[in-house]
Amino acid sequence: MRRFLISALAGFALGSSAVAAEQVKVALTQIVAHPALDAVRKGVEDALAQAGYRQGENLKYTYLSAQGNISTATQIARQFAGNQPDVIVAIATPSAQTMLSATQDIPIVFSAVSDPVEAGLVKSLDRPGGNVTGVSDRSPVAGHLKLLREIKPDIRKLGYLYNAAEANSVSTLKLLQTLAAEQGIEIVPSAAARSSEVQMATRALIGKVDMIYVPTDNTIIAVLEGASNAAAESQTPLFTADPSSIGRGPFAAQGISYYDAGVETGRLAVRILNGEKPADIAVVTPPARDVFIDLRAAKAMGVDIPQSVLDRATRIIKE
Amino acid sequence: MNILTFTGAVELGLVYALVAIGVYLSFRILDFPDLTVDGSFLTGAAVCGVAIIFGINPWIAMVLAVLASAGAGLVTAMLNIKFGILNLLASILTMSALYSVNLRIMGMNNGMASVNLPFAAKTAITPFHGLFGLPVWAIRPLFVGTIVLMAVFLVWRFLKSEIGLAMRATGINLRMARAQGIRTGRLVYLGMGLSNALVGLGGALFIQTAGSADSTGGVGTIVFGLAAVIIGESLFRTRNMLLIILSCALGSVLYRIVVQFAFQGGEISYTIQGIRLSFNAATDLQLITALLVVAILVLPGYLGAKKHD
């Protein structure tokens with residue numbers, strides 16, 4: 001028995017070390033489990049699989065969520081820095097920032113960060129410089145304004161629904177205000193600090209605006225049904241920059257797909273595993289080609305979609 | 001504030017009225033500061049929402065939600081009574097454990113960290129749409145209001161019953177109650193279960209009126225509940241048990257209307273003696289809400305004192 005145990009242990013030790021020699025280590029963290037961020041993670045995992053990396057065979061993959069808690073994120077960052085993986089994937093700005101403060105030598109690939117330069121992650125989008133590169137999910141705000149004016153040419157006041165604690169939403173608000181002012185549109189912001197307040201924040205816009213714009217804000221997107229219901233009650237059209245949210249109440253959506261952003265992120269991680277340096281890899285911003293329209297919601301919100309928009313819509317949910 | 005905004009605030013206030021009554025049971029009747037509700041509110045919402053998505057009858061979904069949340073209350077009571085953990089800490093432990101439990105429950109629906117009812121989902125409220133020719137924004141507060149009134153009545157009858165009186169005695173003086181032969185431990189179990197059952201019912205109504213909730217959906221529930229109880233107590237000073245329970249519900253509605261006013265704020269700037277003070281609804285919302293609530297709590301007493309001078 002004893003001999004069997006020893007040989008089994010020895011075999012296990014040899015076996016695992018033999019596998020470990022060929023394994024690459026990828027560690028992934030995200031600030032919170034949430035549909036859009038989960039889609040990014042799925043994209044990363046699929047991209048790794050496409051490149052031939054299999055968990056347990058040639059890949060040791062670790063995933064940890066900070067559960068929305070910044071001190072947990074810091075703890076995860078320290079743990080990852082200690083484990084010395086070959087590449088770290090950090091999803092959303094707070095995760096990327098805490099990861100960067102924990103290590104300046106392990107390559108970090110961020111994703112779902114709107115403004116990597118302002119967040120202090122990279123020196124410039126073209127030449128990041130340090131141990132960090134990644135995928136930016138900056139919304140095509142100018143394109144959104146153009147689309148909304150095409151749908152509702154007399155738009156004067158646009159409501160902006162967001163969580164003021166989310167850096168991405170605040171930087172998008174600033175950009176939107178600048179661009180809208182040039183076109184004579186006033187932005188009316190309304191903020192919710194947590195998901196249970198989203199309905200109230202939406203109702204605060206009722207009667208004050210011609211349309212409501214929902215950015216890729218984690219808090220609002222997570223409970224978009226509540227915001228859409230409140231908007232539909234008063235026939236206020238609600239648009240979102242998150243295309244994966246179409247069908248949940250907004251009449252239209254245009255933006256980058258989080259899953260596609262995740263696949264791009266995974267490809268960057270693979271390039272680094274193949275020996276490239278993050279400092280030389282430009283930040284990727286996936287294009288937002290797709291326009292999604294929900295005719296059921298458009299009817300409920302009292303908005304007519306012009307034929308020109310319907311003609312170029314990639315996906316239409318019929319009444 | 002227009003009619004839609006107003007009825008929306010009333011509706012949300014009525015949903016949280018159930019939380020307020022639950023918090024009243026634990027905090028005032030049992031003298032048990034119970035933070036479990038921050039988790040059990042979302043448990044109620046998640047169980048009800050996922051059950052509805054699975055095609056279960058919405059009324060049965062609500063019963064499941066109430067049972068799940070009541071179970072959370074029983075766990076807190078057990079940690080306190082059986083293992084002697086300080087009541088506040090026991091409730092904090094259950095609350096943080098519920099975060100993971102809630103993620104698991106919500107995850108049963110496509111592995112998502114939120115529960116979102118699909119477009120035109122069948123809830124307990126949808127059959128009443130169009131009743132008396134009223135619009136949906138009026139039907140929902142009426143529906144929730146009816147349930148709140150029933151809850152107020154049932155809780156009142158319970159507190160007047162022999163068990164209810166024993167529970168009140170337990171909260172007022174535990175040792176005296178024990179000396180009278182009251183089995184106080186059982187009453188803490190019952191009270192905590194009942195309190196969280198009401199909170200879970202609130203969560204179940206929340207998901208059916210709002211359509212969605214995420215992992216942060218329960219944060220601050222205890223604060224809303226306590227604020228409602230205390231606002232109700234300070235505005236409707238009464239010793240009548242029925243009126244006290246009703247005032248918790250009214251306090252909740254009033255609290256929501258106050259918060260909605262704070263939301264209406266937008267950007268307000270004052271210039272006082274050359275110093276520019278600027279309030280912004282986005283960043284200062286919690287501060288404005290707190291100031292308004294302080295005003296509600298302080299003003300009645302202040303005005304009363306003035307009269308006596």
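This is a predicted model: local features need pLDDT of at least 70, side-chain atom pairs count only at pLDDT 80 or more; totals for chains, interfaces and linings use all residues.

Biologist: What is the radius of gyration of chain B, and what would a compact globule with 309 residues have?

Modeller: The idea is to set the value against a rule for globules: with 309 residues a compact globule would have a radius of gyration near 19 Å, and because chain B has 20 Å, the two agree. Taken along the principal axes, the C-alpha atoms of chain B fill a box of roughly 65 × 60 × 40 Å. Of its 309 residues, 52% count as buried, while the chain exposes about 14,100 Å², of which carbon and sulfur atoms supply 69%.

Biologist: How many helices and strands are there in chain B?

Modeller: Chain B has eleven helices and four strands. In the model, residues 187–207 of chain B are 100% helix and 0% strand, with end C-alpha atoms 30 Å apart. Residues 39–56 of chain B are 83% helix and 0% strand, and there the end C-alpha atoms are 23 Å apart.

Biologist: How many salt bridges does a search of the whole structure find?

Modeller: The general idea is that side chains of opposite charge can pair when their charged atoms come close. Over all chains, the search finds 16 salt bridges. One of them joins A:Arg194 to A:Glu197, with the closest N and O atoms 3.5 Å apart, and both A:Arg194 and A:Glu197 are buried.

Biologist: Which side chain meets A:Glu233 in a salt bridge, and what is the N to O distance?

Modeller: The partner of A:Glu233 is A:Arg203, at 3.8 Å from N to O. A:Glu233 lies in helix α9 (residues 224–233) of chain A and A:Arg203 in helix α7 (residues 198–203) of chain A, so this pair ties together parts that are 30 residues apart in sequence. Both A:Glu233 and A:Arg203 are buried.

Biologist: Are A:Lys299 and A:Glu319, which meet in another salt bridge, buried or exposed?

Modeller: The side chains of A:Lys299 and A:Glu319 meet at 3.7 Å, N to O. A:Lys299 lies in helix α11 (residues 295–300) of chain A, and A:Glu319 in the segment after β12 (315–317) of chain A, so the pair ties together parts that are 20 residues apart in sequence. With exposed meaning over 50% relative accessible area, A:Lys299 is exposed at 59%, and A:Glu319 likewise counts as exposed at 64%. Elsewhere, salt bridges that share partners join A:Arg203, A:Glu233, B:Glu11 and B:Arg140 into one network.

Biologist: Turning to the backbone, where is A:Ala92 found, and what is its phi?

Modeller: A:Ala92 has a positive phi of about 85 degrees although it is not a glycine, and A:Ala92 is found in the loop between β3 and α4 (93–102) of chain A. At 5% relative accessibility, A:Ala92 counts as buried. A:Gln84, which is also not a glycine, has a positive phi near 50 degrees, and A:Gln84 is found in the loop between α3 (70–83) and β3 (87–91) of chain A.

Technical notes. Residues are numbered from 1 along each chain as its sequence is written. Chains are lettered from A and ligands numbered from 1 in the order in which they are written. Side-chain values use heavy atoms; hydrogens and water are left out. Helices (H or I, at least four residues) and strands (E, at least two) are DSSP runs, numbered from the N terminus. A salt bridge is a side-chain nitrogen of Lys or Arg within 4 Å of a carboxyl oxygen of Asp or Glu. Buried means under 20% relative accessible area, exposed over 50%, partly exposed in between (1.4 Å probe, protein chains only). The radius of gyration is taken over C-alpha atoms; the globule rule is 2.2 Å times the number of residues to the power 0.38. Accessible areas come from the Shrake-Rupley method with a 1.4 Å probe; for residues, only the protein chains shown count as cover.
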